Amino acid sequence: MFANNENLYIKKDPGHNFPINIYNRTLQDKIICLDPGHGGKDRYNKGYSGLYVEADGVLDIALKLRHALLDTGAKIILTRDKDMTLSLAERCHIAEKAQADIFISIHTDACGDPAVRGATAFYSLNPLKESKKLAHSIIEEYTLITGEPNRGARFRWNSRKTDDYYGVLRGTNMPAVIMECGFHTNSLNEARLLMPEYRLIVAHGLKLGIMRYFRK
Ligand SMILES: [Zn+2]
């Protein structure tokens, strides 16, 4: 009675515990570059209590997202898959060399005011239209799944208002977004980010956003 039922083919990965549906190949020809921020010598950004380290949290989210995207058939490139130092230029070079269709830099946010929370997606000036669409797709799905307040899809100028503020957005030419997955300086948000189960939800939210973007 379960013959030809795709549930039969759902496997689980012991490391990340995410169901894989082998029939979902919707992003078959796409190349997606995921960039976990910081790492290596850059491990200074910590959560409200000091327990959460952004470099480690965003790496784990990226690894979970890579796994979650397996069933889409997309080719996933990671700028780093371990704790290592990587310059902004190197991150951009990896995405450009791979000829990625989209670039997503994964971060968690910080603010001097511990009450501030919510998720923000910053989009790139070049190309503006597609990057903006990518940012909107991700932030909408992300906030729906995680329940985080939506701080919106935004653009941030450099000080002279000539280009993107963020180096990885200046240095890439494909639709690109910096995703700030909540504020680790907020104690509730930090407590969540410390939980592997929550990081899995974060990865799932990002996945749905990516799939929505490609569903033109
Ligand atoms: Zn960061």
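Helices (H or I, at least four residues) and strands (E, at least two) are DSSP runs, numbered from the N terminus. With that in my notebook, I started reading.

**Before anything else.** I'm looking at a predicted model, where local features need pLDDT of at least 70, side-chain atom pairs count only at pLDDT 80 or more, and totals for chains, interfaces and linings use all residues. Residues are numbered from 1 along each chain as its sequence is written.

**Confidence.** I checked pLDDT, the predictor's confidence in each residue, from 0 to 100. The chain averages 91, and 89% of the residues score at least 70. Residues 1-14 sit below 50, and beyond near neighbours in sequence this stretch has 14 contacts in the model. (A contact: two residues whose C-beta atoms, placed from the backbone, lie within 7 Å.)

**Layout.** I found six helices and eight strands. From the N terminus on, I read the order as β-β-β-α-β-α-β-β-α-β-α-β-α-α. Among contacts between residues at least 6 apart in sequence, 77% join residues at least 24 apart.

**Burial.** I call a residue buried if 20 or more other C-beta atoms lie within 10 Å of its own, exposed if 12 or fewer, and partly exposed in between; C-beta atoms are placed from the backbone. By that rule, 43% of the 216 residues are buried.

**Strand 3.** Why is strand 3 largely enclosed by the rest of the structure? I looked at residues 31-36: five of the six are buried, so the rest of the structure largely encloses the strand. Next I looked up its partners (two strands pair if DSSP finds at least two bridges between them). Strand 3 pairs in the parallel sense with strand 4, residues 75-78, over four bridges. To get from strand 3 to strand 4, the chain passes through helix 1 (residues 54-68), and this β-α-β crossover is right-handed. (Right-handed: with the strands pointing away from the viewer, the path from the first strand over the helix to the second runs clockwise.) Strand 5, residues 102-109, also pairs with strand 3 in the parallel sense, over five bridges. I32 has bridge partners I76 in strand 4 and I102 in strand 5.

**The core.** I32 turned up again in the largest nonpolar core, which has 47 residues. (Such a core is a set of buried Ala, Val, Leu, Ile, Met, Phe, Trp, Tyr and Cys residues joined through C-beta atoms within 7 Å.) Which members touch the most others? I noted I32, A121, A135, I138, V177 and M179. Helix 1 gives the largest share of this core, seven residues. Not counting residues up to four places away in sequence, A135 touches A121, F122, Y123, A153 and V177. I also jotted down that in soluble globular proteins, nonpolar side chains tend to be buried together.

**Helix 3.** A135 and I138 are among the buried residues of helix 3. What covers them includes strand 5, strand 6 (119-123), strand 7 (150-154), strand 8 and helix 6. Just after this helix, G147 takes a positive phi of about 75 degrees.

**Helix 6.** I closed with residues 196-214, which make up helix 6. Its buried residues include V202, L206, I210 and Y213. The buried residues of helix 6 pack against strand 3, helix 1, helix 3 (128-146), strand 8 (176-183) and helix 5 (187-193).

Terms used: A nonpolar core is a set of buried Ala, Val, Leu, Ile, Met, Phe, Trp, Tyr and Cys residues joined through C-beta atoms within 7 Å. The expected span of a helix is 1.5 Å times one less than its number of residues.
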